[in-house]
Every structure is written in structure tokens, then in C-alpha cells.
Amino acid sequence: PDIVGAVVVNMEGFVVASLLPSDVDEELIAGMAASLLGVGERISTDLMGASMEQIYTRSPKGYIVLQAISGEAALVLLVTREAKLGLIFLEVKRVAAELARIV
């Protein structure tokens with residue numbers, strides 16, 4: 001119930017699949033997610049010498065979680081502020097593994 005919406009995007013910023021509220025622009029989310037994933041991958045590679053797994057942003061209204069699925073796609077979640085992030089991260093990791101087999 002704490003997940004407001006979900007989008008699977010590819011690294012070019014195109015929507016693969018989405019389940020979002022009608023007032024949310026999925027193409028805008030996909031484009032911004034692709035940009036953020038590119039920066040996250042660069043930072044992770046340059047500073048840590050490893051590929052990026054996850055990025056999350058906190059705002060007064062909630063969280064945006066970006067989880068790498070593969071080198072070609074990522075899962076973007078919109079989550080309420082009241083969500084238990086530990087549980088969200090566990091579920092995201094499980095779902096990303098399932099999606100990696102499909103995408």
C-alpha cells in the first residue's frame with residue numbers, strides 16, 4: 001500500500017512497463033530516471049569501482065527508488081513517506097531479480 005507507482009525503464013529513457021496514477025507523466029519519469037541512472041553509474045564506477053545497484057531520493061512527500069535490473073533496465077518506485085524503507089528495499093531486490101530474467 002505504500003508504493004504509489006512503479007515504472008520499468010530502459011537506459012535510453014523509454015518506458016518498458018508502468019503502473020502509475022493517472023496524474024503522473026510516465027515519459028517524464030522515464031527520462032529523468034535514465035539521466036539519474038547514468039549519473040549514478042558514473043559516480044559508482046569512478047568512486048567505488050563497482051556498478052550502481054540502487055539510488056533513492058527522499059522528499060517531504062515520499063521517496064523515489066531506482067533499482068538496477070540489468071545493464072539495460074531499471075525499476076523506478078514512487079513510495080509514500082510513511083513506508084518502511086527496509087521492507088521496500090527487500091521487496092525491490094526480490095522483484096528486480098525476477099525482472100532481470102524477463103527483461
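**View 1. Contacts of Leu 37.** Leu 37 is in contact with Val 9, Met 11, Met 52, Ile 55, Leu 66 and Ala 74, leaving aside its neighbours within four places in sequence. Contact means heavy atoms within 4.5 Å. The model is predicted: local features need pLDDT of at least 70, side-chain atom pairs count only at pLDDT 80 or more, and totals for chains, interfaces and linings use all residues. Residues are numbered from 1 along each chain as its sequence is written, and side-chain values use heavy atoms, with hydrogens and water left out.

**View 2. The largest nonpolar core.** This core has 14 residues. Those with the most contacts inside it are Val 7, Val 9, Ile 29, Leu 37, Leu 66 and Val 76. E1, H1, E4 and E5 each give two or more residues to the core. H1 gives the most, with four residues. A second, separate core of 13 residues includes Val 65, Ile 69, Ala 73 and Val 92. A nonpolar core is a set of buried Ala, Val, Leu, Ile, Met, Phe, Trp, Tyr and Cys residues joined through side-chain atoms within 4.5 Å. Buried means under 20% relative accessible area, exposed over 50%, and partly exposed in between (1.4 Å probe, protein chains only). Helices (H or I, at least four residues) and strands (E, at least two) are DSSP runs, numbered from the N terminus.

**View 3. The surroundings of Asn 10.** Asn 10 sits in strand E1 (residues 3–10). Asn 10 counts as buried because its relative accessible area is 18%. A polar atom of its side chain lies 3.0 Å from the backbone nitrogen of Glu 12. Leaving aside neighbours within four places in sequence, Asn 10 is in contact with Val 16, Ala 34, Glu 72 and Ala 73.

**View 4. The surroundings of Thr 80.** Thr 80 belongs to strand E5. Its relative accessibility is 17%, so Thr 80 counts as buried. Not counting residues up to four places away in sequence, Thr 80 touches Asp 2, Val 4, Lys 61, Gly 62 and Tyr 63.

**View 5. The lining of the largest pocket.** The largest pocket is lined by 17 residues. Ile 29, Tyr 63, Ile 64, Val 76 and Leu 78 lie nearest its centre. Helix H1 (26–48) and strands E3 (54–59), E4 (62–68) and E5 (73–80) each give two or more residues to the lining. A pocket is an open set of points on a 1 Å grid over the protein atoms alone, where a 1.4 Å probe fits, with protein on both sides within 12 Å along at least five of seven lines; lining residues have an atom within 4 Å of a point.

Terms used. A polar contact is a pair of N or O atoms within 3.5 Å; within protein, one must be able to donate a hydrogen and the other to accept it, and residues adjacent in sequence count only if both atoms are side-chain atoms.
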